[in-house]
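Biologist: I would like to learn how to read a model like this one. Could we take it feature by feature?

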Amino acid sequence: MTGKLIHTLVATDVCSGWIECIPLLSRDQALVVEGLDALRRQLPFPLLGIDSDNDSAFINDTLLDYCKKHGIKFTRSRPFRKNDQAWVEQKNGAVVRRFVGYDRFSGVVAGQAMANLYRNVRLYVNYFQPSFKLQEKERQGAKIKRLYYKPATPCNRLTNHPNIEESTKKSLQSQRIQLDPVRLLHQIRDNQAALAALASPDDHTTGPGRTSLEQFLARLPQLWQYGDARPTHQRDISKTRSWRTRKDPFKEVWVDILNWLQNEPDATAKELFKRLQNKHPGSFANNQLRTLQRRIREWRQIMAKKLVYSCLDMNVERNEIVPVGANT
């Protein structure tokens with residue numbers, strides 16, 4: 001793959017779960033520092049420390065000098081211990097991949113579209129998306145018992161925290177009142193549609209998200225029926241398979257099975273399978289019983305439907321209507 005791809009700089013507050021995301025056109029050290037400075041200005045609380053992984057984009061003198069200049073404590077995770085960054089890794093999947101998808105983007109236009117998306121995502125997630133937070137865990141033999149706090153949004157956790165200033169709490173509450181979660185979700189869908197158009201330029205005229213707010217609200221109650229409606233997460237329509245993936249083991253003896261069913265309609269598949277093993281020793285393994293049970297069940301369902309429809313045809317010929325459950 002040629003060219004530079006867009007990366008997402010993700011910052012997560014361990015205490016509240018507040019998340020900030022900024023797209024970076026490259027992994028340059030100076031650009032990472034500028035991104036961190038932009039994140040620091042967006043946070044509703046002062047940034048006291050940064051704990052990063054061991055990527056060279058973070059472990060360098062440029063970021064270290066920036067932290068010293070602003071009085072920020074800088075630490076890093078242990079080498080080859082990915083779980084040290086569990087909070088960030090979790091948001092990479094729950095926020096970045098969930099809203100952006102798995103396509104790769106490059107260029108200034110895609111970066112601007114992604115920035116517009118993250119601008120709405122940060123408001124939607126931080127103010128209106130509650131999440132669990134681990135309170136404690138206890139090992140009981142081979143099992144681990146976990147106890148969680150009640151689900152809360154990052155904004156609620158900040159407004160209930162005793163160390164957050166009252167002016168900050170009032171500012172958060174005021175901004176939350178002004179926000180409309182449905183309008184934010186509609187804007188997110190529009191941003192995702194723009195990203196999907198960049199990923200697939202040949203299909204940018206249609207797709208979910210490119211609708212008015214009224215149309216979006218009208219479709220909202222039915223969206224769950226179509227699975228994930230995000231333009232960046234469109235799933236392929238599955239087709240019903242009409243071919244066999246393996247040879248039918250009962251193809252040569254199916255006529256015999258039908259004759260047995262004709263003479264003994266109440267015979268079970270297990271009884272018929274034993275007959276086959278006695279008649280054709282060594283031809284049928286015990287693990288093929290389930291296949292025969294499924295085949296006989298499907299055959300009986302088909303025959304039952306034919307019987308019902310044949311009765312309906314007879315009634316139609318006689319111009320009779322027989323209500324369900326009536327005695328004839």
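Modeller: Start with Arg275, which is partly exposed at a relative accessible area of 27%. Buried means under 20% relative accessible area, exposed over 50%, and partly exposed in between (1.4 Å probe, protein chains only). This is a predicted model: local features need pLDDT of at least 70 and side-chain atom pairs count only at pLDDT 80 or more, while totals for chains, interfaces and linings use all residues. Residues are numbered from 1 along each chain as its sequence is written, and side-chain values use heavy atoms, leaving out hydrogens and water.

Biologist: Which side chain meets Arg275 in a salt bridge?

Modeller: The general idea first. Side chains of opposite charge can pair when their charged atoms come close. The cut-off here: a side-chain nitrogen of Lys or Arg within 4 Å of a carboxyl oxygen of Asp or Glu. In this case Glu264 is the partner, at 2.9 Å from N to O. Glu264 sits in the loop between α9 (254-263) and α10 (269-279), and Arg275 in helix α10, so the pair ties together parts eleven residues apart in sequence. Glu264 is partly exposed, at 36% relative accessibility.

Biologist: Which residues are joined into one network by shared partners?

Modeller: Asp37, Arg40 and Arg41, through salt bridges that share partners. Take Asp37 and Arg41: their closest N and O atoms are 2.9 Å apart. The two residues are four apart in helix α1 (residues 29-42), which means about one helical turn between them. Asp37 is buried, at 16%. Arg41 is exposed, at 62%.

Biologist: How many salt bridges does the structure hold?

Modeller: Nine. Another one joins the side chains of Glu166 and Lys169, at 3.8 Å from N to O. Both residues lie in helix α6 (residues 166-178), three apart, about one turn. Glu166 counts as exposed because its relative accessibility is 51%. Lys169 counts as buried because its value is 10%.

Biologist: And Asn60: buried or exposed?

Modeller: Buried, at 11% relative accessibility. Asn60 lies in the loop between β3 (49-52) and α2 (61-70). Its side chain reaches the backbone oxygen of Ala57 at 2.9 Å. The side chain of Asn60 also reaches the backbone nitrogen of Thr62, at 3.2 Å.

Biologist: How do I read a pocket, and what is the volume of the second largest pocket?

Modeller: Rolling a probe the size of a water molecule over the atoms shows where empty space is left. On a 1 Å grid over the protein atoms alone, with a 1.4 Å probe, a pocket is an open set of points with protein on both sides within 12 Å along at least five of seven lines; lining residues have an atom within 4 Å of a point. Here the second largest pocket has a volume of about 910 Å³, the space filled by probe spheres set on the points, which are joined across faces, edges and corners. Its lining counts 30 residues, with Gln90, Lys91, Ala94, Ser131 and Phe132 nearest the centre.

Biologist: Which element gives the most to that lining?

Modeller: α3, with eight residues. Elements that each supply at least two include α3 (86-100), α4 (108-128) and α7 (181-199).

Biologist: How many helices and strands does the chain have?

Modeller: Eleven helices and six strands. Helices (H or I, at least four residues) and strands (E, at least two) are DSSP runs, numbered from the N terminus. Of the 328 residues in the chain, 32% are buried.

Definitions and conventions: A polar contact is a pair of N or O atoms within 3.5 Å; within protein, one must be able to donate a hydrogen and the other to accept it, and residues adjacent in sequence count only if both atoms are side-chain atoms.
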